[in-house]
Amino acid sequence: MLNRFFTALPRETRDTLFLLAVIAWVIAMQVGHIPWWCTALAAGVLVWRTTLALRGLPLPGWPWRMGLLALTLAATWATHSTLLGQDAGVTLIVVLLALKTLEMRARRDAFVVFFLAFFTLLTHFFHSQSLPTAAGILLALLGLLTALVNAHMPVGRPSLAQAARIAAGMAAMGAPIMLVLFLLFPRLSPLWGVPGQNETGRSGLSSQMRVGQIAELVLDDSIALRVRFEGRPPPQSELYFRGPVLSDFDGVEWRPLRSEFPARMALPTNLSVAGEPLRYEVTLEPNRRPWLFLLEAATRVPEVPGARVRMNADLQWLTDRPINSLVRYRGESHTSFRHGPLTPTLALQDHITLPPAFNPRTLELAQQLRREHGAGAEANPRLIQAVMERLRTGGYTYTLEPGVYGQHTADEFWFDRRQGFCEHIASSFVVLMRALDIPARIVTGYQGGELNGVDGYWTVRQRDAHAWTEVWLQGQGWVRIDPTSVVAPGRTGSLQRLRAPEGAIAGAIRNLTPNLSAQLRAAWEAVNNSWNQWVLNYTQGRQLDLLKNLGFQSPSWTDLAYVLIGVVVFVSLVGAAWTLWERQQHDPWLRLLRRARARLQAQGLDSADHTPPRELARRVQQRWGTTGAAQRVAQWLLQLEAQRYSRPGTPEATTPLATLQREFRQLAWPRDTPR
């Protein structure tokens, strides 16, 4: 019924509605990234324009358009405090696209709308370059191409299906060119930005850790990184991907160390490793931070295209620029390692300092433990073991809903609430260690992950963000202690990983077929990972690797340019040859007529390109008579015309073209008799 209604509309109305539908799809993909008023205004304008098209009403005058434009500029300024920049620019282009439909009176106006829509499509990559985004953009692109092809069919009432087929053919013909440019066009710096997002109250990493201010932790199920191991991977409980190290504590918030000691007195790294390294490849999602994540402890410098990489004294790997695009790098790590000074040094005082007037009961607990287990460096291992035993047997629990803590977060954890997630446990543990005069600090990063059985990658999500601790022991240096593993062993193992809440549909599918949901998710993530590996992560280095596979010993950008130029020239020659061949094969009947006209011209009978065969036959008889060779040539020309223009089924139209081609080669052409 809807199809009949759409078909019965006047062509101008039908074409306008189709274009408005495509524009609505283009704008709908931006809804999550533009202000609410922008979405409402664009939707209102499109609904208004649709109503005008259906009712055949005139378009609004310039006062309406200028008023809406002024409103847009004012709202954009109020929202972004500027009319420039990425966010403000995307907001303006979306509204301008919608407003332009209100003055779409001629084909020229429609072409401006096409241009704005194509430009708006590009802005989607500012926010996401994922496979679903690319699929949505491809659908919008085909819709815009269909509308553009339809606009170039001014005569008659061509169907949208016909325009869609032509648009799909155009896209298919352009695909090889796109592939060549994708493979060989020199890679520049990342073109697209990365969306901003509010991380408050969500699992994930930050450069500081504010303890006790989040009443409920919302699990972020998005992917942080993917890892593929060479050979057998280590146990899940040993997968600690090191991130920022937090040592400064003001009673509420942990931050990276800002030592007052001079640089020459800073703690040495003194990293030493043992055993065979683990070799693996990491695909890191954009995180807007200069952080690389590797397993503890990495010795080989990972190579990141276009960035310099270094390791700081805390064993954290950093780049000289934020990670704003997907990157892939290789790592080598040792699970058996030692780092930090082996003997006491003055700089360790930074890791014993506690803010005054905080957590008095925890300080009293430390004094009690010292009385029970002794003092001095030799008692520190016993004290650590006693605190871990207290966590194991003291009724402490792991929860994502601990409620908001007060001023004395460690006191509340050790004596009152006895529950929290990893930040509460790690912070309270470090506070108690420092109260015992044991240097300690918090290490953040990711722990664990899950194996995707489809592509063999380990997937580490934002919900796998974790905080553990390091304590300094004489003769051993910094030693990893994960108090959360004592409170909730499943958190760092494979039995009880954190899960984000499921929707109603996902929960129903899991209840009906427990394995189907996991298999569908693994398959989708494997497909998305392939997109990341082969498309988004096609870097400058991989371009040069492609040249190596083509036989270049030491490829450079010059070689890449030569290959690209060579491919362009080769494709151009092939295209030219195809055009010539297609021109010859375009219409065998016309080609045969041209050959006959050329033979007659060689005998002295000139004719124009538009002269039909019947007229040629008349001129042949007029010049050479109606007998002999002239009669046979004239008869053949009449048969040639009948083969094309006679009514199907009549005797004149039954002569096959192949027969006429054969007779053409056997014809004796008339000549002028010399006088």
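Reader: Where is Asp437?
Author: Asp437 is in the loop between H12 and S16. Helices (H or I, at least four residues) and strands (E, at least two) are DSSP runs, numbered from the N terminus. This is a predicted model, in which local features need pLDDT of at least 70, side-chain atom pairs count only at pLDDT 80 or more, and totals for chains, interfaces and linings use all residues. Residues are numbered from 1 along each chain as its sequence is written, and side-chain values use heavy atoms, with hydrogens and water left out.

Reader: OK, and what's phi for Asp437?
Author: Phi is positive, about 65 degrees, although Asp437 is not a glycine.

Reader: Is Asp437 buried or exposed?
Author: Asp437 counts as exposed because its relative accessibility is 52%. The cut-offs are under 20% relative accessible area for buried and over 50% for exposed, with partly exposed in between (1.4 Å probe, protein chains only).

Reader: What about phi of Ser81?
Author: Ser81 also isn't a glycine, and its phi is positive, near 60 degrees. Ser81 sits in the loop between helix H4 (62–80) and helix H5 (86–100), and at 54% relative accessibility it counts as exposed.

Reader: Switching topic: which residues have the most contacts inside the largest nonpolar core?
Author: Those are Trp254, Ile384, Leu391, Phe429, Met433, Leu436 and Val471, in a core of 39 residues. A nonpolar core here is a set of buried Ala, Val, Leu, Ile, Met, Phe, Trp, Tyr and Cys residues joined through side-chain atoms within 4.5 Å.

Reader: Which element gives the largest share of this core?
Author: H12, with eight residues.

Reader: What is Phe429 in contact with?
Author: Leaving aside neighbours within four places in sequence, Phe429 is in contact (heavy atoms within 4.5 Å) with Ile384, Val387, Met388, Leu391, Trp414, Thr469, Val471, Ile481 and Pro483. Apart from this core lies another one of 37 residues, including Ile23, Cys38, Leu102 and Ile137.

Reader: Now the strands. Why is S12 largely enclosed by the rest of the structure?
Author: Because six of the seven residues of strand S12 (residues 327–333) are buried.

Reader: How many bridges are there between S7 and S12?
Author: Seven, with strand S7 (residues 278–284) and S12 pairing in the antiparallel sense. Pairing means that DSSP finds at least two bridges between two strands. Val282 stands opposite Tyr329 in S12.

Reader: Last one: what's omega for the peptide bond from Glu296 to Ala297?
Author: Omega is near -10 degrees, and the bond is cis. Ala297 is found in the loop between strand S9 (294–295) and strand S10 (309–311).
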